[in-house]
Amino acid sequence: MGTITGSGRSSPYSDDMSDDESYELLGFDNVLLPVGDLGEAVRFYELAGFAVGFRLDEAGIALLKVGGETPGILLRYEETLGHRSPPWPSPRVWLEVPDARAAARALGDAGIAPLDEPASVATGWTVEIADPWGNVIGFTDYTKRPALARRP
């Protein structure tokens, strides 16, 4: 699993891929989130506990670190994007944390209201927040399935 191969069928997405070619999905690069104000977005995410890897105002981007990985969440300034509530359904990015309920308390203490109370899921707990532009970030743990959790 994780390797995509050509099917031999005609598809608008496979014009350049034959049955002899394949590629493997290796992992995430960056997750891009549009924001209407780069400075406001950076302040919001710093309050939410993210560290800024870099910020290039002239390019309208800032990278938020996620764990020890090089890829992260890339905030990208979009001039016409105003504040909005998250549409439902909307894409969500969930990040693993040791304890989602503790994350919810810390976010609340920082003035960031969760979209809802932490919810029990099959692997543990999850809580979500939305930035001012409706991008939804979830914090989830593996407290019910610790064998699946990342190791610090």
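Me: What joins the side chains of R55 and D57?

Reply: Start with the general idea: side chains of opposite charge can pair when their charged atoms come close. Here R55 and D57 meet in a salt bridge, with 2.8 Å from N to O. The term means a side-chain nitrogen of Lys or Arg within 4 Å of a carboxyl oxygen of Asp or Glu. Keep in mind that this is a predicted model, where local features need pLDDT of at least 70 and side-chain atom pairs count only at pLDDT 80 or more, while totals for chains, interfaces and linings use all residues. Residues are numbered from 1 along each chain as its sequence is written, and side-chain values use heavy atoms, leaving out hydrogens and water.

Me: How many salt bridges does this rule give?

Reply: The count is 4.

Me: Is R92 or E128 buried, exposed or partly exposed, and which strands hold them?

Reply: Buried means under 20% relative accessible area, exposed means over 50%, and partly exposed lies in between (1.4 Å probe, protein chains only). R92 is partly exposed at 23%, whereas E128 is buried at 15%. Their closest N and O atoms are 3.1 Å apart in a salt bridge. R92 sits in strand β7 (residues 92-96) and E128 in strand β9 (residues 125-130), 36 residues apart. Strands are DSSP runs of E, at least two residues, numbered from the N terminus.

Me: Which residue pairs with R150?

Reply: E96 does, with the closest N and O atoms 2.6 Å apart. R150 lies in the segment after β10 (136-140) and E96 in strand β7, so the pair ties together parts 54 residues apart in sequence. R150 is exposed at 57%, and E96 is partly exposed at 24%.

Key. Helix = DSSP H or I, 4+ residues; strand = E, 2+ residues; numbered from the N terminus.
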